[in-house]
Amino acid sequence: MAAATRTEPAPRPRLRVRTAPRRRPLRWLPLAPATVLMVLFLGGPIAYCCYMAFTDMQLTGSPDTHFVGLDNFTQALGDADFRNAVVLTLVFTLLSSIVGQNTLGLALAVLMRRASRPVRTLTGGVVVAAWVVPEIVAGFLLYAFFRREGTLNAVLDWLRLPSQNWLYTLPILAVSFANVWRGTAFSMLVYSAALAEIPQEITEAAEVDGAGGLRRLWHVTLPMIRRSIGTNLMLNTLQTLSVFGLIWAMTRGGPGHRSETLPVYMYDQAFLKALIGYGTAVALLLLLVGALFSVVFLRLMREEV
Amino acid sequence: MRPTAPLILAAALVATAGLAGCGGSDDDPDTVKVVYNRSTDNAIRFKDRLLEDVKKQFEKAHPGKKIKLIPIQAADNDYAAKVQQMMRSSKTAPDLVYEDTFRISSDIAAGYLRPLDGYLKSWDSWGQFAPTAKAAGRGEDGRTYGVPDGTDTRGLWFNKQIFARAGLPADWRPKNWDEVLDAARTVKEKVPGVTPINVFTGKAGGETSVMQGLEMLLYGTGQDPLYDPRARKWRAGGAGLRDALGFVRTVYAEKLGPDVSDALNPNANTAVANEWLPDGKLAIALDGSWLGQHWLDTGGHPWPRWSTTLGQAPMPTQHGQPPGRVSMSGGWAWAITAKSDKPDLAWKFIETLQSRDNAVRWDVVNAQIAVRQDVAADRRYRTAMPGIAFFTGLVRYTHYRPATPDYPQVSAALAEAMEAVTTGDSTPAEAADSYGGKLKEIAPGAVLKSR
């Protein structure tokens, strides 16, 4: 359409000047419903959420809502439980997303390229199955796996290794493992696609130059899939930051506050302690953490170009 | 590009129309929506069955009118959050809700409930209710918002067979906390494989932990240890709270209680009633008067010999100081929501629920302590359950929780303090201090210095 207007015959420039401003809103018309829907259902809740974060709205106990300025945020920063939740969120993200899902996904993708077809199909099937299972089902499965009378301890017993009360002694590690189990498939798929894009000649050239497997991985493969790594890290991290169902089903953030990441803390404050306003403020802070991560990864991706 | 535009437009229009359709309420003026909590134990459905029965009675007596029962099967905290969310909007608000009386003040303050005084004035049965029960449904404005259907008391249940093996008496009557702990230690030593004592604890258990666990201890340490009703102020963590938390710490540090991860499970109360006590795995349970409901023939886990196997003892005060024993009482009430558009019909359903006959049946199957004189005098009630005389006798010593809108938040803070000492993350003194700090955030300007 834009091209068509530009190639209009020159002799009638006046008309063009007059119609252009009138035409532009007309051209927007087909998009209007979409825009309205977006503003209503995407922008609306976000704006409402931002508003609530500055109020003392409660689920029960108070009939009206007051504007309280930055009180919710100062309260959060001064709260030891909130700081604990931030630290645990970072640990959880670092451990399960960046170290776990990302590295394991890459390793699986690399190994599967060399594997025979049946092995590849089988491994791929199993890993993707973990991803297909709904979050809450995965949560209960892994709860059954990690709990004191669960599968893991039965296996350890059978191997004559000391059993552990995983969900009690190191719950953050248990939920991190759970998240790795669930999310690795995504990384694996992204990396499989990326590795398939590397031209055969380059790998062969490196081989001819005498580069071993590890050197090839470090100097050829990784730089070539750098953009995929960036995309994958960003998607993984953002998804992991907001994991709630998995942790809630496995530990409810406990015992004590030992696995209480920000989303769990937020739910606890907003719905169990009825402090909707404060919970929303925490949600905004969580958004901020996510934004920080995305900025870092976006930078990483841009440098290459 | 152009040809697709009408398509998109049409799709968007359909979508908006659909969404608008979802928003429209399907409210039938002749249907009363009743929300109640269904037991998380799938074998226990006596409440559901009774309500179905009352629903039939009501629909027969009021032709054309309908009752829609909406059970919510969830742990208590989640039930409350769900109901509060429903009551926020007139699109989702039910007409009648079943509420724990400790949340009523809070929901009254939030404007979710409707005063019932107009109906109560002309209701004959209201005169039968005990004054304390009437107070349970009263808001700070002096109006009544809930009709209680029973109350409860709390004490110690103990397994006489395990006690016999441990060489403890069958008519056990501990005089102070130390004697309770000593009995538990004896069981641990003499009867291995049995959990000596259960004290509910932790956030997941919610009010169960706080009321059956901590408050049963706390109210045995002195006068008004939690809230000063005259000054209308909360007490920050003092010696009483530290000692009560110390008791919890001792139970879990000396491994006198269940495994900590079991104790912190949100369904611990179901496990005590359905597994640990009937299977003879638990010697002493600090628990409520209603436990027998689980083991009746009509209950989920019939256990005919429970009344001879289990004994009951009052929970003693800390050092045996007068009056020597302590109990806590709560209960649930029926309330009409503020956003209900057919309160009259909803009230009629409360009247049907609280007909003398239904009230007796309710207290019997629910193992409640009667709050109505006519029910308490009923032969069916008095002979319903062994032990009912014992728990009714505790009413003289019982305490009620502070009926303030911020109590649920204070309760949550207490549960956190309990969980911290149970896991060993904090000492009792640290947990009490941290509770004091939270109290200042919950009720600014309404906190007394600790004693």
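Is α10(B) mostly covered or mostly exposed, and how many of its 15 residues are buried? Before I answer, please keep in mind that this is a predicted model, in which local features need pLDDT of at least 70, side-chain atom pairs count only at pLDDT 80 or more, and totals for chains, interfaces and linings use all residues. Residues are numbered from 1 along each chain as its sequence is written, while chains are lettered from A and ligands numbered from 1 in the order in which they are written.

Helix α10(B) is mostly covered, with twelve of its 15 residues buried, where buried stands for 20 or more other C-beta atoms, placed from the backbone, within 10 Å of the residue's own. Among the buried residues are B:Arg242, B:Asp243 and B:Phe247, and the elements that cover them include α8 (177–190), β6 (195–198) and α9 (207–218) of chain B. Helices here are DSSP runs of H or I with at least four residues, and strands are runs of E with at least two, numbered from the N terminus. Because the expected span is 1.5 Å times one less than the number of residues, residues 239–253 should span 21 Å, and the end C-alpha atoms, 20 Å apart, agree with that. After the helix comes B:Lys255, with a positive phi near 55°.

Turning to the interface, 31 residues of chain B are in contact with 24 residues of chain A, contact being C-beta atoms, placed from the backbone, within 7 Å. On chain B, the elements giving two or more residues to that side are α1 (4–23), α3 (76–88), α4 (101–109), α11 (260–263) and α19 (407–423).

Terms used
Contact = placed C-beta atoms within 7 Å.
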